[in-house]
Amino acid sequence: MLSWADNAKSPIFFRWRPTGASMKYGSIILLSLVLLFPLALLAQKGGSGPASANDAVTLGRRLFQQNCSVCHTQATLTNPMYGPSLYRDIVNGREDTVRDYIAKGSNKMPGFRYGLKASDVNAIVEYLKTVPKPAPRNPQTKGEGPVD
């Protein structure tokens, strides 16, 4: 049932107030819209919301950037690389060896067995299997000839 405000001088949007069944019906519609809104967003994205976040290659790329890129990528032309460039030709066929090397480390590289889960190390290896071989960089010359 609808009730009208007693004061006829109030603006039109303040005069009408739902009560009883219409209030319940409006609340149900509002609640339904709020609950269905996230599903509508997933449908617009193609339904790949949570699946892409758990994708092994995407996760591996993020973990590589966080843990490995400091040593295995060259940030600028003047900065040295501390470790070798890693790419698919190095990893393909040696996945188990690479996993073991990442977990245990070596004299020059720290091991990540306590900092990363086995699934994280697997994701890094899956990412490395997609990385193409980097282009060779020319050594930077400091000058054209000897200084007098």
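Mentor: Let's settle one term first: buried means under 20% relative accessible area, exposed means over 50%, and partly exposed lies in between (1.4 Å probe, protein chains only). This is a predicted model: local features need pLDDT of at least 70, side-chain atom pairs count only at pLDDT 80 or more, and totals for chains, interfaces and linings use all residues. Residues are numbered from 1 along each chain as its sequence is written, and side-chain values use heavy atoms, leaving out hydrogens and water.

Trainee: Okay, what makes Cys68 count as buried or exposed?

Mentor: Cys68 has 10% relative accessibility, so Cys68 counts as buried. Cys71 comes out at 32%, and that puts Cys71 in the partly exposed class.

Trainee: How do you know how many disulfides there are?

Mentor: A disulfide here is a pair of cysteine sulfur atoms within 2.5 Å. For the sulfur of Cys68, the closest cysteine sulfur is in Cys71, 8.7 Å away, so they are too far apart for a bond. Cys71 is in no disulfide either, with the sulfur of Cys68 as its nearest. By that rule the count is zero.

Trainee: And what makes up the fold as a whole?

Mentor: There are eight helices and two strands. Both kinds of element are DSSP runs numbered from the N terminus: H or I over at least four residues for helices, E over at least two for strands. Along the sequence the pattern reads β-α-β-α-α-α-α-α-α-α. Of the protein's 148 residues, 18% count as buried.

Trainee: Why are H4 and H8 called roughly perpendicular?

Mentor: Helix H4 (residues 56-67) and helix H8 (residues 118-128) pack at about 100 degrees, with their axes 7 Å apart. Roughly perpendicular covers 65 to 115 degrees, while under 35 is roughly parallel, over 145 is roughly antiparallel and the rest is oblique. That is why H4 gets the perpendicular label against H8. On the H4 side the contact (heavy atoms within 4.5 Å) includes Leu59, Leu63 and Phe64, and on the H8 side it includes Ala123, Ile124 and Leu128.

Trainee: What other elements do the buried residues of H8 pack against?

Mentor: Besides H4, they pack against helix H6 (88-91) and helix H7 (95-104). Among those buried residues are Val121, Ile124 and Leu128.

Trainee: What makes a group of residues a nonpolar core?

Mentor: They must be buried Ala, Val, Leu, Ile, Met, Phe, Trp, Tyr or Cys residues, joined through side-chain atoms within 4.5 Å. The largest such core has 16 residues, and those with the most contacts inside it are Phe64, Ile102, Leu116, Ile124 and Leu128. H4, H7 and H8 each give two or more residues, and H8 gives the most, with five. Leu116 touches Leu63, Asn67, Val121 and Ile124, leaving aside residues up to four places away in sequence.

Trainee: Where does Leu86 sit, and what does Leu86 touch?

Mentor: Leu86 is in the loop between helix H5 (69-72) and H6. Its relative accessible area is 22%, so Leu86 counts as partly exposed. With residues up to four places away not counted, Leu86 touches Phe64, His72, Leu128 and Val131. Leu86 and Pro132 are 46 residues apart in sequence, yet their C-alpha atoms are 8.9 Å apart.

Trainee: Last one: what makes Asp100 partly exposed?

Mentor: Asp100, in helix H7, has a relative accessible area of 37%, so Asp100 falls in the partly exposed class.

Methods: Axes fitted to C-alpha atoms, helices over the stretch in contact; angles between N-to-C directions.
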